[in-house]
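Hi,

Here is the structure for you to look over. My notes follow below it.

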Amino acid sequence: VLFCIMGDTKEGEKVKLIHCADVHLHSRLNTHLSVQQSKERNGELVSSFVNMVEYGHRHGVSAVLIAGDLFDGASVPQSLQNTLIHIMKEYSEMMFFYLRGNHDENSVLAGTWEEAGNLYCFQPDTWTSFSIPLSNGNLTITGMELTQHSSLNGLQLSSDDINIVMLHGQIRNYGKPDGMNIPLKQLEDHNIDYLALGHIHSYEQGVLRPEGTWCYAGSMEGRGFDEPGEHGFVMLEVDEENRTVHSSFIPFATRTVHVIDVDVSDCCTSVQMMQKAKMMITGDMQNDMVRIRLCGDLDVSVEKDITTIEKMLENTCWYLEVKDETRLFVDYEQYAKDASLKGEFVRLVYGNDTYTSVEKAEIIQCGIAALNGEEQV
């Protein structure tokens, strides 16, 4: 299915587009965050999308390509729908191409998208193309929403056009497009200049033979600790004269997610561990989400209180948590000739072959804490 969109592209003018994906508006975000933080973060997801559109307006962007998962589910609040429709209508000189992903389910702005005359959507299992006239040929944007019944066959793109294809799924070298998998080999030699992808939440780019590029824009914001690092969108510049599509990643996230490993092998107390972690938290992380992973080998006698460490660090970042990934070890020689009850307990556990070395260390740690009058959680 081909639709022609009349544009005002002038000869020699480079067309700019934004490629974004996986915005996941109206996410639950309650795994780590408090109710208030979840509300604040959801507001930031919306704000990030709106700010991106305004950025595009300032930089002369003609179109925004949304490659799936604009939402995090089918239930979209009316207020959020109104915000998106309003921003699209306000910047009516820009076109919005929206291809639903697996999290968008059956909702396209809950049926209100017709209010925005500059919003163009794609169909399941059917290739749909939108053609924008250039001074010489067309810029054609083609996409298909993948289902379990999809086939990549039937994609026909003219070599006279500059072709951008939008899909949402996981690229593979071979296989079948069974809902979420995209066999890249089936898209080679189809005159694709740029394959705009969604589904993978980190920015990735590669070669699509013979002369094209595939690209995951990544999620616009890191929502959890499985999405650390820079997030944003991709700016595309279509050079009609040289018939190329140049892409550049634009970091744009409101907050950055950091996962920091701190080796505490040389620490003996929670305070020392906190001090070592604090040295790893830089000033520019104060508005970010930070996970501290304590690692290294600790003797079972070392005092370690994760809750206390978190409390001492809580004001360094917008959100901070501490994960204990240290390994326990026991210096059995230290207790070999210890005549105390503690030494007798350690030797008793050490000589029991019923337990693994890890289990022995954990039992000894609990036993020593009990003998010291400490409560173990």
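Strand E17 (residues 289-295) pairs with E19 in the parallel sense, over 6 bridges. Strands here are DSSP runs (E, at least two residues), helices likewise (H or I, at least four), numbered from the N terminus. Two strands count as paired if DSSP finds at least two bridges between them.

Two points on the source. This is a predicted model: local features need pLDDT of at least 70, side-chain atom pairs count only at pLDDT 80 or more, and totals for chains, interfaces and linings use all residues. Residues are numbered from 1 along each chain as its sequence is written, and side-chain values use heavy atoms, with hydrogens and water left out.

The sheet is open, with 3 strands in the order E16-E17-E19 and parallel pairing. Strands E16 (257-263) and E19 (319-324) are at the edges; each has a single partner strand, so one side of each lacks a neighbour in the sheet. From one strand to the next, the twist averages 20°. (Axes are lines fitted to C-alpha atoms, for helices over the stretch in contact; angles run from 0 to 180 degrees between N-to-C directions.)

Helix H3 (residues 270-280) packs on the sheet and touches E16 and E17. Its direction makes about 135° with that of E16. Helix H4 (residues 306-313) lies across E17 and E19, at about 155° to E19.

Elsewhere, Gly137 sits in the loop between strands E6 (128-133) and E7 (138-143). Beyond its neighbours within four places in sequence, Gly137 is in contact (heavy atoms within 4.5 Å) with Asp160 and Asp161.

Best wishes
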